[in-house]
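Reader: I have a model open and would like to learn how to read its features. Could you walk me through them?

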Amino acid sequence: MDLDFNLLDANEQLLEEMAEEIDPYFLRLHDFLFNKLRSTEQPLSLFSTTSFAPKVDSLREGIFITLRRQEFYSARILFRASIEHTVKAQYLFFETTRNKNDQVGIDYWAFGSDQETVNYVKSLENAYKILRIKPNKSAAEILRDIGIISEEKSANLIKKKTEQFLYKKMVESVANSLNSSREDSLLSTILPRYSELSSYVHGGPASVDGGGLSQESFEEMIEASTFFSLLTKYTSYNLIYKYDKEIEPLASITMKYLTKFISNGVNHPQKDS
């Protein structure tokens, strides 16, 4: 079917207008991150949360590009990634706002890195089995010997610290943190798509018809990815504002465009048939 690209054009224009308005103040963000962040009470939490703004917007841009090219299979995979990134960003935001310490940043940054290392160790050990290699030491022992895995952190401790970042747990936490608002309604409509889109990431049977897309789902991806980008940027700037009032123009401008976007209405289509 022929798709109407007017909504995509309108959202791109909205984001371009916001970027132009923010541009004169953007160096203030760099100044905070490079010169002031370390002196705050929550450096890792602030850095972890704000690091998601460019990542979510990059995914949004990728979604827009693939939709324009009508590469819908790729767009769905990027859309699923953008949902998870946004949920994680909001989870970090709420935990950082709620707590007066840097614990969630430590758990995400330090223990999250360790969990990725543990997963890498497991993949190495599986590769050893496939290749019938019998090393003198296990992969975990080798990485401990060279200091990549800390002797103080057991696999169980790392798992315990990082379980909070499982998608299901983050969704529950974010849902409990939201008020009965328009944002709550938007997220509750969009978040179930994460599971629906799993087949496209993993090459499941439901992904066979991934070449087509209804106008409704086309517009949902546009609206949702725009919303994710605006929301992640706003919560990042809002979080930093607590420590640096110079960030106020970035927060207020983003809030203006987020409010404008939400007030214009967002489509809530049904699942693709």
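Reader: Which helix holds Ser199?

Author: Helices are DSSP runs of H or I with at least four residues, numbered from the N terminus. Ser199 sits in helix α12, residues 198–202. A word on the basis: this is a predicted model, where local features need pLDDT of at least 70, side-chain atom pairs count only at pLDDT 80 or more, and totals for chains, interfaces and linings use all residues. Residues are numbered from 1 along each chain as its sequence is written, and side-chain values use heavy atoms, with hydrogens and water left out.

Reader: Is Ser199 buried or exposed?

Author: Buried means under 20% relative accessible area, exposed over 50%, and partly exposed in between, using a 1.4 Å probe and protein chains only. Ser199 counts as buried because its relative accessibility is 12%.

Reader: Which residues does Ser199 touch?

Author: Contact means heavy atoms within 4.5 Å. Leaving out residues up to four places away in sequence, Ser199 touches Tyr73, Gly204, Pro205, Ala206 and Ser207.

Reader: Where does Tyr73 lie, then?

Author: Tyr73 is part of helix α5. With 31% relative accessibility, Tyr73 counts as partly exposed. Together with Ile77 and Val201, Tyr73 makes a nonpolar surface patch of about 210 Å². Areas come from the Shrake-Rupley method with a 1.4 Å probe.

Reader: What does Leu78 touch?

Author: Leu78, also in helix α5, touches Leu59, Gly62, Ile63 and Thr66, not counting residues up to four places away in sequence. Leu78 is partly exposed because its relative accessibility is 24%.

Reader: Which members of the largest nonpolar core touch the most other members?

Author: A nonpolar core is a set of buried Ala, Val, Leu, Ile, Met, Phe, Trp, Tyr and Cys residues joined through side-chain atoms within 4.5 Å. Here the largest has 59 residues, and Leu67, Phe79, Ile83, Phe218, Phe228 and Leu230 touch the most other members. Helix α13 gives the largest share of this core, 11 residues.

Reader: How many helices and strands does the protein have?

Author: There are 14 helices and 0 strands. Of the 273 residues, 45% are buried.

Note on methods:
Helix = DSSP H or I, 4+ residues; strand = E, 2+ residues; numbered from the N terminus. Patch = residues over 30% accessible without salt bridge, like charges linked within 9 Å, V, L, I, M, F, W, Y side chains within 5 Å. Salt bridge = Lys/Arg side-chain N within 4 Å of Asp/Glu carboxyl O.
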